[in-house]
Amino acid sequence: MAILSTDSAVPVALALLPVILLYWVLYPWYFSPLRLIPGPWWAGYTKWWLVYKTWAGVRAKTIHDLHLKYGPYVRVAPNEISTSDSKAITAIYGVNSEFTKTEFYQYQLRGMTDAKPELFTMSDRKAHAKRRRELAHLFSMSTITEYEDIIARNVLECLNLISAEGKADKASNLYDWWHYLSMDITCELCFGNGFDMLHKGAVNPYIHDMYGSLMIEPVRWHFGWLNKYASWAPFKFIRDAEACSVRGYERGTKMVQEYKLKEDKGRRKDLLQKMINARDEDGKPLPDEDLNVQSTSFILAGSHTTSSSLTWIVWRILKSPEIHRKLNEELDEALGTQDRKIVPPHAKLDNLPYLNCIIKEGLRIDTSVPGSTPRYVPPEGAVLADRFLPRGTIISIQAYTTHRDPAVFPDPNSFKPERWLDETAEMRHLYVPFGADGPRKCIGIHLAYMELRVILAALFHRFELRFHGEVSDASMDMHELWLAAPVEQRLSIIAKEKA
Ligand code: HEM
């Protein structure tokens, strides 16, 4: 029996509407458990404004400005908080933390990995710990030295091509070169096959699809559930991005299959071979489809991050003649001046104080993952800075802000490698370019440092470098779609072989 007839339902609904509206208007201020967290008034009602900021590439900067205005805890969306409180870092990200990664990660890689969870995206803590144990040895200091040949060969190729441009008095766009180089290295490590983008001077179809799928990242980020309907979306660019995702996944699967057919009895020294050899506690190998998913994720996580960081660091060095001079002196002393074309072995670089200070400072000031690394508050809720946060609240820190704490990094917007000569515990704690210390910290950190050291040392030791024309600060400003890059994606330099 119907409780309300159609005739009476309409007036009742109309009568209730003001009550519902009033409740909605008042909710953020009087009823929401997050009502005491300061922030712009609209953040209590909607996250659409953050979608817009994400799309504009300025999310991290916007949230940073909110921290300057409102303090260490800011409400940025109805259910989301950003914090810059150093005491919260261990609680959220530390070894014993029960906070879990949000779906944001799965949605980012959704199409490219056919939604299969892998190390980067897994939110289940046990499943993640198991996978991390299976893969940790692939990235240990001793294992990554086995990848050095692949890195050195690609670096030499790249520098020879830059040299050829210099000899022809042509400018080199280092952003492009680092992009192709880091892709070729990571793809060779992860699929056993570099895409030779260095020589082709263009991204290969697999990488094209990978980036194509990221075109709708702001939508995936904030409205991940819409992903399911992406291939029916009314807007072509969304359908295209989804098609890239699907194609990319298929291409990845094929590359793993081809690799396995060619497998030369497990003697290869790349990451994929080591993944094929990896076993879990029960002696089981990783399923075939996980190999593709894992490789794809490593490429996404490990190439763009490295190439953007390299571009910014070279720019910062060339902007400061004094820093440039000191680095050259250190390299000449450590590597000699006999043969500048040799790509230096990593063992000669990892203890060079000035080179390492430059890299650390570069990753502090121009971080390639500058924004939120979101986590869910666990089911029992959490108390942070005397505030109770209910289950399911999204909370994060962002490197862009912790790296600019003036009490810990004085004059934070200046590039000062020397600050790392007197590294304090508080600097280490707030320094999170690879994520905060804990189980989800970047697994590729040693590999990334190795690449950065080898590439920068090889470049500066071999070439006289100068900007081609004017390189404005504005052109190198950060554009961020979670992964960040210089806004104009260009760093033009002239490279001449040193005598
Ligand atoms: C400069 C280079 C790099 C930067 C700045 C960087 C940054 C980061 C950050 C910030 C995270 C933590 C994300 C979070 O907690 O939300 C992370 C995680 C991760 N990174 Fe990197 N990364 C770099 C290079 C690499 C490389 C070379 C690889 C592998 C080839 C890699 C693979 C990963 C993976 C698999 C994770 C997830 C780890 C887990 O959840 O257990 N990254 N990275």
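## Basis of the model

This is a predicted model, in which local features need pLDDT of at least 70 and side-chain atom pairs count only at pLDDT 80 or more, while totals for chains, interfaces and linings use all residues. Residues are numbered from 1 along each chain as its sequence is written, and side-chain values use heavy atoms, with hydrogens and water left out.

## Overall fold

The protein chain contains 21 helices and twelve strands (DSSP runs: helices H or I of at least four residues, strands E of at least two, numbered from the N terminus). Of its 499 residues, 54% are buried (under 20% relative accessible area with a 1.4 Å probe, protein chains only; exposed means over 50%).

The C-alpha trace spans about 90 × 55 × 45 Å along its principal axes.

## Helix α6

Helix α6 covers residues 125–135, and His128, Arg131, Glu134 and Leu135 are buried there. These buried residues fall within an arc of 125 degrees seen down the helix axis, so they line one face of α6 (the arc is that of the directions from the axis to the C-beta atoms). Their cover includes α14 (271–277) and α15 (288–302). On the other side of α6, Lys126 and Arg133 are exposed.

At the N-terminal end, Asp124 caps α6, with a side-chain oxygen 3.2 Å from the backbone nitrogen of Lys126.

## Iron site

Cys442 is the only protein donor of the ligand's iron atom, through SG at 2.3 Å (donors are N, O and S atoms within 2.8 Å of the metal, or 3.2 Å for Na, K and Ca). Cys442 lies in the loop between α20 (425–430) and α21 (445–462).

Definitions and conventions: Contact means heavy atoms within 4.5 Å. A polar contact is a pair of N or O atoms within 3.5 Å; within protein, one must be able to donate a hydrogen and the other to accept it, and residues adjacent in sequence count only if both atoms are side-chain atoms.
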